[in-house]
Amino acid sequence: MKKKMQKKDVAVLAVIAAAVFLLGGVALFILQRYNAKGLALMAELEGKYEYNGILLQSQEDGTDYVFNSLPPEHFKKTERILLDLTEYGLSGSFEHYQVEAYYARTDLYRISASSADEGLWPACRGDAFVVRDGEGRLFRIHPEEKLCYPALSDSIEGVDPYGKDILAFSGLASYAVGMNGTAVTVYHTDPMDSSLRVVDVKTVELAEYGTDPKFVAFVSNTHCYFTLQTEAGVRFVALDCASGELAPSALPEGDYGEIKDRHFAQKNYEPDEDGFVTAAWVETLLGTEKSLLLPKEYRKAALYTVSTEGNYAVFDVKTADGADLLVMNEKKAYPLSAVTPEGERIEKVDFLCDNVILVTFLRQDGSAVSRSFTVCF
């Protein structure tokens, strides 16, 4: 009986092993096909769109979309909402979108239709939003309660309740920064509630790092960065709002191109002795570099755009026969000409997230179509 049981066990194990082998082979085949494809079509939209990091704003018919990298609905139609501010004692109107936060479906953001207000977006969430009037004053409005008051009301002594110098709020509105010359003011909002009441203020001096400082953006809920001018060119300096500490860019000396996507740049290399060109892009704050040695058919490469996390880049390349756009990481490059239908040409490319691109194509009749692709390598 024992031997028979052992034989049965062996037979069962053999069947299981065969099934695992078969499924593994199928998975490997699918993975190889997926990687070989280069780009996989995700969705298609008629028309041209400007992408501001959250929204695809129509340049033609006013139909706008919110992008979501998670299936099933990658592009959700949204409408611009026009709120009359005169009923709150202010002039003009507030044109915005109501957007669900991808990490908390019950949390709503009111995103201004104007990119000039981008720095205020993190404070425009939940049941309230912030607007700036013609005098530079910030007001907080609760539309359901019909309330309007200075945005930084009830803050500690010495803080302007209108926050006239504030340039931007951090990711969760925990911090805000303002500037006066080379001095940066860091405002810490109350961590115990959803108000923008300031409970702590720090002043940080940028003068030792260069001249003509400019705020660029927050990159997290606590960190932001600035650019300054030095004899060697542009210098990047990061600020930790929680500690007030400054850290200059770790970018090593080298030959760099213009800044792309806020804090990426091309590092220029001469072709090697065999004529091969290196496409390289660096994160200008951390100084980290990514590169790919291109096939010899590509003679020149200029950085076009970089993905949100810097893992992928698009380069405008030249060949003996013309030009192309290459999507690449450090292991592989894939030409966008391979997904360009006959009779169409590429007008522009944007990264919607780290491994998704939006390509705007122009047809022969002048109409536009926007197609999103997942990068498969």
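Visitor: Which residues have the most contacts inside the largest nonpolar core?
Guide: Val130 and Phe169, in a core of 24 residues. A nonpolar core is a set of buried Ala, Val, Leu, Ile, Met, Phe, Trp, Tyr and Cys residues joined through side-chain atoms within 4.5 Å. Buried means under 20% relative accessible area, exposed over 50%, partly exposed in between, with a 1.4 Å probe and protein chains only.

Visitor: Which strands supply at least two residues each of this core?
Guide: β9 (129-132), β10 (138-142) and β12 do. Strands (E, at least two residues) are DSSP runs, numbered from the N terminus. In soluble globular proteins, nonpolar side chains tend to be buried together.

Visitor: What kind of model is this?
Guide: The model is predicted: local features need pLDDT of at least 70, side-chain atom pairs count only at pLDDT 80 or more, and totals for chains, interfaces and linings use all residues. Residues are numbered from 1 along each chain as its sequence is written, and side-chain values use heavy atoms, leaving out hydrogens and water.

Visitor: Back to Phe169. What does it touch?
Guide: Leaving aside residues up to four places away in sequence, Phe169 touches Gly119, Leu120, Pro122, Ala123, Leu138, Tyr175, Ala176, Leu196 and Phe218. Contact means heavy atoms within 4.5 Å.

Visitor: New topic. Where is Ser155?
Guide: Ser155 lies in the loop between β11 (147-150) and β12 (166-169).

Visitor: Is Ser155 buried or exposed?
Guide: Ser155 counts as buried, because its relative accessibility is 18%.

Visitor: What does its side chain reach?
Guide: The side chain of Ser155 reaches the backbone nitrogen of Val198 at 2.8 Å. Ser155 also touches Leu196 and Arg197, among residues beyond four places away in sequence.

Visitor: In what order do the four strands of the open sheet come?
Guide: The order is β20-β21-β22-β23, with antiparallel pairing. Two strands pair if DSSP finds at least two bridges between them.

Visitor: Which strands stand at the edges?
Guide: β20 (256-260) and β23 (289-293), each with a single partner strand, so one side of each has no neighbour in the sheet.

Visitor: And β22, how many of its residues are buried?
Guide: Five of the six residues in β22 are buried.

Visitor: How many bridges does β22 form with β21?
Guide: Three: β21 (residues 264-267) and β22 (residues 278-283) pair in the antiparallel sense. Ala265 has Val282 as its bridge partner in β22, and Phe264 stands opposite Glu283.

Visitor: What about β22 and β23?
Guide: They pair over five bridges, again in the antiparallel sense. The two form a hairpin with five residues between them, and Gly287 in the turn has a positive phi of about 80 degrees.

Definitions and conventions:
Polar contact = N/O pair within 3.5 Å; in protein donor to acceptor, adjacent residues only side chain to side chain.
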